[in-house]
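Here is a short briefing on one protein chain. Keep the coordinates open while reading.

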Amino acid sequence: MLSSPSLFSSNGLVIMGSIIVIVSYLFNLVAKRYSIPSVLLLILLGLGLKGLVSATGLETPELTPILEVLGIIGLIMIVLEASLDLKLEGDKRKLISRAFFTALVNLVLSSLLIALVMMVYIKVDLTTGLLYAVPLSIMSSAIIIPSVSVLNENKKEFMVYESTFSDILGIMLFYFLISSLETDSVGEMSLDVLLNLSLTVLVSLAASYFLIFLFQKIRTELKLFLLIAVLILLYSLSKMFHLSSLLIILVFGLILSNRSIFFPGKIRKYLKEDQMATIFDNFKMITLESSFVVRTFFFVIFGFTIVLASLLDLKVWLVSILILGILYGLRWAWFRLVIRKDIYPDVWMAPRGLITILLFFSIPENLVVAEFNTGILLLVILASSILMAVFLIKYRRSGTREPELEVRDTASAAISEAGPEPDSWMASDADSLPEDNSN
C-alpha cells in the first residue's frame, strides 16, 4: 500500500496522470452514450481528487499557474481545431452566415445585459462590466462539438459553426476591451485596433503561406509537433507585440483546411496537394488528440481548485440565475423570431466552459475586481452543461433524430412526394443538398 506522501512523488504523479487520461477517455464514451457532457465528469473528478488529498492530510498544491499554462495551450488548440473544421464551401454559405449572425447577436446582446448586471453587482463602469460579461457570453465549442452526435446533420453542422464563431468572436471582443481600457482616447483606440487587425492579418497570411511552403519541403517524419510548436511560438511572440494573436492561429487553420480557395490559379502550382492532404489529415488528428489531453487536465485541475464555500453565498446564486436567464432568454427569443422552426434542443445547447474560465484568468491584474465571486463561474458552467445534457437526453428519447443513411438515400423521393419537411428549421439548406451534390 502506498503511503500518502508518495502521491506527489514523480512516480505518483505519472501514475495519477495516466489514470486521469484513461478515465477521461471512459468519460468520453459515457458522454457519447448518454449525452452527458464529459466536462461535468472531469470537474467532479477534480473535486474528488481534492477531497482525497484533504483526507490524506497532505498540503494542497498551488495549481493555478499550471491551470493558466494549460488554458493558453488549450485556447490555441481549440481555435486551431475549430478552424481546421471550417469549410468555406459555397453550398454551406447560408448555413455559415446564419450560424455567424446567431453567434454574433447572442454574444453582443448577452454581453451588454450581463454587463449591466455586473455594474450593479460589483459596482464598475460599463467597459469593465463588459470585460467580466464577455467570457460568460461565450459558448464552449470544447463541450458542444463532442456532444452533437445525437442531432441530425443540419443541426449538428449549425451547432459546430455557431459555437466556433462564438469562441472566436468572443475572444477577439475580450482582448479588444482590454486594449480599450488601456487607451484613454476613443479615436486613438479605434485607430490602434484598425492598425492592429490589419497588421495581424498581413502577418497571419505571410506566416501561414510560409509555413505551408516550408513544411512541404521538410522530408523527415518528425514535423507535425514542430508545426504546433511554431504556431505556439508565433502566438506568444504576437502577444508580446500586442497583436491579435489568435487571429494568426485562425487564419492558418482556415488556409490549411481550404487550400483550394487560398491557392487559386497560378499559385496552385506551388501547392503539392497529395503531400498537403496527408499533412492535413495527420495534423488534424494530432490537434484533436492534443486538445483532448489539454482539456482533460485543464478541467480536472479546475475542479481541484474550486472552493465550494463560494457556493454558500446567496448573492452568487441570485446573480448566476439572472445571468442564466439572460443567456437562455435571448437565445430563445432569437431562435423563436429568426429561426422559427424546430428550435429544440438548439436553444438549450449553450454551455460555458474552458474559454470562459481561461478569459477570466486572462484579466490583467490592474483590472481585476476583488468583489467578483468566482462561484458565479462555477454555477453558470455547471448549470449550462446540465441543462444541455438534460435536453439532449430528452431529444434522444423522443426519437426525433433522423436516420442519416435513410435520409441520404431517399432524400429526392421524400421531397418530391411530400414536399419540404415541416420539422426542418433549415429546410432551405437541406433542399439544396441533392442538387449541389450532383454537380
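The chain has 17 helices and zero strands. The model is predicted. Of the 439 residues in the chain, 47% are buried.

**Whole chain**

- The chain exposes about 21800 Å².
- Take the contacts between residues at least 6 apart in sequence: 81% of them join residues at least 24 apart.

**Helix pair H3 and H7**

- Two packed helices are described by the angle between their axes and the distance between the axes.
- Helix H3 spans residues 64-85 and helix H7 spans residues 153-181. They pack at an angle of about 135°, and their axes are 10 Å apart.
- The crossing of H3 and H7 is left-handed.
- On the H3 side, the contact uses Leu75, Ile78, Val79, Ala82 and Asp85. On the H7 side, Tyr161, Thr164, Asp167 and Ile171 meet them.
- By type, the residues of this H3 contact with H7 are six nonpolar, one polar and two charged.

**Helix pair H12 and H14**

- Helix H12 covers residues 273-305, and helix H14 covers residues 354-361. Their axes come within 11 Å and cross at roughly 65°.
- H12 and H14 are therefore roughly perpendicular to each other.
- The crossing of H12 and H14 is left-handed.
- H12 brings Arg295, Phe298, Phe299 and Phe302 to the contact. H14 brings Leu354, Ile357 and Leu358.
- The residues of this H12 contact with H14 divide into six nonpolar, no polar and one charged.

**Arg331**

- Arg331 lies in helix H13, residues 314-339.
- Is Arg331 buried or exposed? Its relative accessible area is 2%, under the 20% cut-off, so Arg331 is buried.
- Leaving aside neighbours within four places in sequence, Arg331 is in contact with Asn106, Met139, Met159, Glu162, Asp346, Val347, Met349 and Ala350.
- Arg331 and Val105 are 226 residues apart in sequence. Their C-alpha atoms are 9.3 Å apart in space.

**Gln216**

- Gln216 is found in helix H8, residues 186-217.
- Gln216 is buried, with a relative accessible area of 2%.
- Which residues does Gln216 contact, leaving aside its neighbours within four places in sequence? They are Tyr270, Leu271, Lys272, Gln275 and Met276.

- Most residues other than glycine have a negative phi, and most peptide bonds are trans.
- Lys123 is not a glycine, yet it has a positive phi of about 55°.
- Lys123 lies in the loop between helix H4 (93-121) and helix H5 (126-137).
- With a relative accessible area of 67%, over the 50% cut-off, Lys123 counts as exposed.
- The peptide bond from Tyr344 to Pro345 is cis, and its omega is near 5°.
- Where is Pro345 placed? Pro345 is in the loop between H13 and H14.

Key
Residues are numbered from 1 along each chain as its sequence is written. This is a predicted model: local features need pLDDT of at least 70, side-chain atom pairs count only at pLDDT 80 or more; totals for chains, interfaces and linings use all residues. Side-chain values use heavy atoms; hydrogens and water are left out. Helices (H or I, at least four residues) and strands (E, at least two) are DSSP runs, numbered from the N terminus. Buried means under 20% relative accessible area, exposed over 50%, partly exposed in between (1.4 Å probe, protein chains only). Contact means heavy atoms within 4.5 Å. Accessible areas come from the Shrake-Rupley method with a 1.4 Å probe; for residues, only the protein chains shown count as cover. Axes are lines fitted to C-alpha atoms, for helices over the stretch in contact, and angles run from 0 to 180 degrees between N-to-C directions. Angles under 35 degrees count as roughly parallel, over 145 as roughly antiparallel, 65 to 115 as roughly perpendicular and the rest as oblique. A crossing is left-handed if the near helix is turned anticlockwise from the far one by less than a right angle, and right-handed if clockwise. Ala, Val, Leu, Ile, Met, Phe, Trp, Tyr, Cys and Pro count as nonpolar, Asp, Glu, Lys and Arg as charged, and the others, Gly among them, as polar.
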